[in-house]
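Please open the model in your viewer and keep the selection tool at hand.

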Amino acid sequence: MKYLTLAETYRDLQATSKRLEMRDILVDLFRGTEPRLMGRVVYLTQGTLGPDWEGLQLGLGEKLVSRAIALTAGISDDDLEALVHREGDLGLATEAAFASKGPKQVQLFQESLTVDRVFESLTQVARVEGSGSTEKRIRLLQQLLMDADPLSARYIVRTVVGKLRLGIADMTILEALEKAFLWAEDEERVMGSDKVVEAIYNVHPDMGAIALAVANEGAEGLAGFGIEVGVPVRSMLAERLGSTPEILEKMGGRCAFEYKYDGMRIQAHVGPGGVHLFSRRMETITSQFPDVVQAMESAFAGHEAIMEFEAVVHNPETGELLPFQEVSHRRGRVHGLAESVEDYPLVLFAFDLLYLDGEELLLQEFQLRREALESLLGKAGEGPIRPSTLRWVEDPEGGDDFFLEAISAGCEGIIAKAVGEGSHYRAGARGWQWIKYKRDYQAGMTDTVDLVVVGTYAGAGKRTGFYGALLMASVNQEEGTLESVCKLGTGFKDEELAALHERLSPTVLKEAPGNLRSGLQPDFHVQPELVLEVLGAEVTLSPVHRCAYGHLRPQTGLAIRFPRMVRLRDDKGPEEATTSSEIEDMYRRQLKRAD
DNA sequence: GTAGCGTCCCGCC
DNA sequence: ATCCGACGCATTCGG
DNA sequence: CCGAATGCGTCGGATGGCGGGACGCTAC
């Protein structure tokens with residue numbers, strides 16, 4: 001099968017926004033594909049090379065792909081950038097570049113690419129590692145692009161940068177698989193009426209394997225798949241809602257509230273094959289959490305189980321729960337693992353049990369799963385694993401109390417969970433069975449806080465155009481100190497920034513005694529005399545929400561992001577920065593110079 | 001050769 | 001993570 | 001009565017900050 005066939009299908013898919021039409025285009029593609037190739041065709045259409053938990057990554061993003069394109073098409077980086085600007089995205093820019101100039105090799109060989117060739121080349125790109133690997137990757141991509149016609153090049157490039165932009169994703173592909181291989185030729189049904197393939201995908205999210213099976217053996221091919229320890233189950237997701245009365249209405253008057261912990265979601269599989277940990281997006285993260293693996297082994301030895309919990313960093317002395325930033329130090333870690341386990345100790349708040357010793361609990365109602373979870377944890381004894389805090393709620397008052405309790409416990413809010421009929425674990429679905437209610441929108445948390453402007457920064461944003469923000473600090477009037485530094489606004493418009501300046505009517509604050517420090521980064525101390533050129537004096541920006549940890553959110557419609565950056569000046573005048581990490585880097589440099 | 005920094009990518013929320 | 005637009009489908013509305 | 005309007009759920013894409021790793025480059 002030629003890759004061009006695939007590319008043409010992609011082009012057709014893009015031409016419509018109607019999902020039924022897209023599904024049928026895919027159905028035609030699948031029915032016309034040799035069964036042998038179905039896995040690869042489906043992976044490519046998903047924009048991947050294999051299931052998420054295998055963790056293959058191409059390691060090429062926009063920048064590096066751009067280099068490969070410029071080399072292949074024989075144009076300069078600047079020209080390519082101009083093309084991207086004109087055409088709208090890197091894929092279209094490549095197509096245009098290839099169409100007008102055309103790499104010589106294309107004209108010489110005209111050896112059209114096959115699906116196999118593209119798939120194998122990309123897999124090869126993903127496998128390269130070590131010194132020189134970036135160059136090697138670029139070269140491999142370049143070789144592939146040399147044999148690509150303009151349309152194929154468009155989609156190869158988009159595949160590599162991870163933005164296929166077809167208007168289709170998992171759900172549409174699943175529908176198409178279902179129709180192509182399980183329905184009679186010209187049958188029509190209401191969309192989503194059967195969902196046999198989706199049901200399998202939810203407990204075995206490997207679209208390529210499923211496609212291969214179903215294309216070869218039809219419905220019988222699905223028999224081999226089912227929930228399995230070691231294979232991640234698609235996570236159930238929540239919708240967001242703003243108040244307890246709304247939640248109770250959606251839930252039919254009765255539901256369970258649980259703390260929404262500010263941590264990282266982990267799905268743990270325990271079985272004879274050992275412990276496997278998966279992230280919310282089904283990446284394998286086992287090796288990053290040896291402490292979790294150990295806790296699972298000792299707590300659930302002899303059991304086969306799949307459970308979900310939120311991993312939260314806490315202070316073992318005080319029991320205080322620390323915010324997400326802390327646990328993110330643990331994520332993706334390879335070096336200094338032992339230290340990070342020590343520095344960021346975890347508590348694991350288990351909130352669901354999907355499978356236990358041969359029983360598919362995910363099919364059961366919430367109460368049953370919860371009971372099973374609690375009894376399993378009860379037997380597990382002391383340790384870092386605990387059940388999530390839960391309350392059965394039937395009236396808004398009880399719900400609000402619980403919400404405030406959750407906030408003061410250091411949580412983000414609550415998750416409301418449907419109970420009774422229909423409250424089985426809906427793998428892969430986002431919906432009202434689980435409702436998120438987060439602190440951002442909680443009225444009644446309002447508090448007036450004096451803020452001072454301690455810095456501004458502005459620059460040309462990469463995508464959004466103008467970028468600007470104010471660095472604010474709240475003032476502790478009694479102590480005369482600054483606390484809770486935060487950034488106000490990202491990417492807001494020129495006029496808005498000017499208006500804010502106006503409104504804040506700055507005067508100079510001479511001294512900022514004490515350490516200026518981020519509420520989220522206790523170890524991130526800033527010497528104000530080093531870093532502050534204070535532009536503004538005390539201003540009152542009210543009302544302001546003061547939330548747990550001192551995050552601030554004014555009712556200006558602008559977000560205040562979690563702070564840890566400081567705007568700096570040096571002798572050369574203000575530096576510009578567009579991201580918090582750049583600002584942080586600036587700060588580090590400044591500190592260094594001060595030494 | 002390598003330490004230290006910069007760039008880029010990626011996956012968490 | 002949040003937000004938003006487009007579609008599909010069921011129900012209600014209105015000429 | 002039937003087509004139009006409405007309401008609601010669903011899906012997919014676009015957007016953001018942040019932390020960490022891998023690799024590349026360069027000055028010693």
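Which residues are exposed on the other side of α15? Gln-294 and Ser-298 are exposed there, exposed meaning over 50% relative accessible area, buried under 20%, and partly exposed in between, with a 1.4 Å probe and protein chains only. This is a predicted model, in which local features need pLDDT of at least 70 and side-chain atom pairs count only at pLDDT 80 or more, while totals for chains, interfaces and linings use all residues. Residues are numbered from 1 along each chain as its sequence is written, chains are lettered from A and ligands numbered from 1 in the order in which they are written, and side-chain values use heavy atoms, without hydrogens and water.

Begin with the whole of chain A. It has 22 helices and 20 strands; these are DSSP runs numbered from the N terminus, helices being H or I with at least four residues and strands E with at least two. Of its 595 residues, 52% count as buried.

Next, colour the domains. The assignment for chain A, which comes from an automatic or database source, gives domain 1 (48-160), domain 2 (239-440) and domain 3 (448-594). The C-alpha centres of domain 1 and domain 2 lie 41 Å apart.

Now select helix α15, residues 290-299. Val-292, Val-293, Ala-295, Met-296 and Ala-299 are buried in this helix. Seen down the axis, the buried residues of α15 fall within an arc of 165°, so they line one face of the helix; the arc is that of the directions from the helix axis to the C-beta atoms. These buried residues pack against several elements, among them β5, β6 (346-356) and α18 (366-380).

From there, move to strand β5 (residues 305-313) and select Ile-306, which lies in it. Ile-306 is buried, with a relative accessible area of 0%. Beyond its neighbours within four places in sequence, Ile-306 has contacts (heavy atoms within 4.5 Å) that include Ile-227, His-269 and Tyr-355.

Of its 74 residues, Tyr-3, Phe-30, Leu-44, Val-65, Ile-156 and Leu-177 touch the most other members. Helix α10 (residues 150-161) gives the most to this core, with 7 residues. A second, separate core of 33 residues includes Phe-300, Ala-311, Val-327 and Tyr-344.

Terms used. A nonpolar core is a set of buried Ala, Val, Leu, Ile, Met, Phe, Trp, Tyr and Cys residues joined through side-chain atoms within 4.5 Å.
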